[in-house]
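Subject: A structure for you to explore

Hi there,

Here is the structure I promised to pass on to you. Have a look at it first, and then read on for what turned up in it.

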Amino acid sequence: MSSIAGNPLLREQAYCAGEWLAASSSGESFAVRDPADGAVLATLPDLTPDDARRAIEAAAAAQAAWAKEPAKARAKVLRRWFDLVTESVEDLALILTAEQGKPLAEARTEIVSNAAYLEWFAEEAKRLDGEIIPGPNAAQRILVVKQPVGVCAAITPWNFPNGMITRKVGPALAAGCTMVLKPSELTPLSALALAVLAERAGVPKGAFSVVTTTDAKGFGTEVTKNPTVAKITFTGSTAVGRWLMREGADTIKRLSLELGGNAPFIVFDDADLDAAADGALASKFRNSGQTCVCANRIYVQRGVADAFTQKLLERTAKLKLGRGTEEGVTMGPLINSQAVAKMEAHLADAVGKGATVVSGGKRSQLGGTFFEPTVVTGVRQGMLVTREETFAPLAPIIAFDTEDEVIAMANDSEFGLAAYFYARDMKRVFKVAEALEAGMVGVNTAALANEAAPFGGVKQSGLGREGSHHGIEDYLELKYVALAGL
Ligand code: ADP
């Protein structure tokens, strides 16, 4: 029996076009597994592009009425959804940990901190103010109104199976859009659990669908080519983001893309080293290193490199690897064997080019996809770990000498999502914060995401922002009305 059998929010159906579907139009199904041991948690209908098209049509049918609801009514539904998620944290967390592997405490944090986006956008729904601009002559005014873009499609990854949904669906529904979501085929159960609560909260039938499918490309093709879909919001790899952009070009899709990162984490010689080591530990090993804002490259000024490394090692030694549901566990398994292979490739490249493993460095005795938290010193710019996102618990330490040198190394990347640095000198703080090519910079903190802040990247890390009052703009169009004859 699966660890979540009997969970009141577990569904083995898709939520498509306002109906709970036990079977896809092809009759195919797929299994969702626990990454800690490979056990089957649930079997879901494997929906086809035809099923997705029905969800899009239902979203289109629901959209006009939803957009016409007074903002206050939309806000109430979102607020109720937020309340239901908040009341159901434990059931949602158990589902999340079972399908994704992260420790229960992290799962709870993911749910609570991302439910906050539903609450935030419930409030923002009421503030979609337009403008009246003086006209070119006394008889004219320029009116600017904000209108929903329409039907949206969302594609979300497996690393935050719950949070990636609320921060997309929240602003979309608040703006008066409707949404067809394809969660990762690895972690669709959290999405379905959220849909149970959305339905209970009063989200109208068809306004939100969860299309469970292993045919990611089929879904991607349908939503990019279908002219009814006005916008796609995607979080995932840069390669898929590029593909969606290319495929969506024919129908001029609006796009929000939250893609790969390669976050530099810089420790200057005037930093509080304890705070820096705490930050590096959290940023590198949270979710087993599987977040797009995880520190990927840790640059430490030479004079404090040994002291910082020591502090990081002391903290790393206290991490407890294990099943996410076990008491005291602080790090779960990696999502699958490809993730382990990438970790090993990055590690082998670094060691092969002269780096030294000072902690971990191998698969855990727990077996499966468990990997020891690993710290490597003597890393140099140019090694694979400095160029590609590792997405695993590998902390490479690179010594540097000057501010200008480290800024150049940090910016030597096609990505620009998150960057972090620890320093106390104010002149340095401003200089470095302004020079780093990243959408988000953490100064003396490794915690970036919260609903009041605009989350997103520059360069090839993506387009658009999630959260803050800016986050809803991606779901709105400006309409200018020239009012004459006054
Ligand atoms: P990751 O490497 O984090 O798994 P992916 O970009 O492969 O990143 O996956 C993120 C999401 O994108 C998942 O929901 C996945 O199913 C989906 N996906 C992958 N390929 C495509 C595609 N061609 N079209 C649409 N969605 C896709």
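Before we start, one term: two residues are in contact if their C-beta atoms, placed from the backbone, lie within 7 Å. Please also keep in mind that this is a predicted model.

**The helix pair H3 and H6**

With that term in hand, which residues of H3 meet H6? On the H3 side they are Leu92, Ile95, Leu96 and Glu99, and they meet Leu189, Ser190 and Ala193 in H6. Sorted by class, the residues of this contact are five nonpolar, one polar and one charged.

To find the two helices, look for H3 at residues 89-100 and H6 at residues 188-201. Their axes are 8 Å apart, and the helices pack at an angle of about 160 degrees. Angles over 145 degrees count as roughly antiparallel, so H3 is roughly antiparallel to H6. Their crossing is right-handed.

**The helix pair H1 and H7**

Now turn to H1, which covers residues 49-68. The axes of H1 and H7 come within 9 Å and cross at roughly 40 degrees. That makes H1 oblique to H7. This crossing, too, is right-handed.

From H1, the contact uses Pro49, Ala52 and Arg53. From H7, the partners are Gly218, Phe219, Thr221, Glu222 and Val223. The classes here are four nonpolar, two polar and two charged residues.

**Around the ligand**

H7 turns up again at the ligand. How many residues surround the ligand? There are 14, and the closest are Ala216, Gly220, Gly236, Ser237 and Val240. Helix H7 (216-225) and helix H8 (238-247) each supply at least two residues of this shell. Which helix gives the most to the shell? It is H7, with four residues. By class, the shell divides into six nonpolar, five polar and three charged residues.

**The whole chain**

Finally, zoom out. The protein chain has 14 helices and 22 strands. Its radius of gyration is 23 Å, close to the 23 Å that the globule rule gives for 486 residues, so the chain is as compact as a globular protein of that length. Taken along the principal axes, the C-alpha atoms fill a box of roughly 70 × 65 × 40 Å.

Enjoy exploring, and write back with any questions!

Best wishes

Notes. Residues are numbered from 1 along each chain as its sequence is written. This is a predicted model: local features need pLDDT of at least 70, side-chain atom pairs count only at pLDDT 80 or more; totals for chains, interfaces and linings use all residues. Axes are lines fitted to C-alpha atoms, for helices over the stretch in contact, and angles run from 0 to 180 degrees between N-to-C directions. Angles under 35 degrees count as roughly parallel, over 145 as roughly antiparallel, 65 to 115 as roughly perpendicular and the rest as oblique. A crossing is left-handed if the near helix is turned anticlockwise from the far one by less than a right angle, and right-handed if clockwise. Ala, Val, Leu, Ile, Met, Phe, Trp, Tyr, Cys and Pro count as nonpolar, Asp, Glu, Lys and Arg as charged, and the others, Gly among them, as polar. A residue is near a molecule or strand if its C-beta atom, placed from the backbone, lies within 6 Å of it. The radius of gyration is taken over C-alpha atoms; the globule rule is 2.2 Å times the number of residues to the power 0.38.
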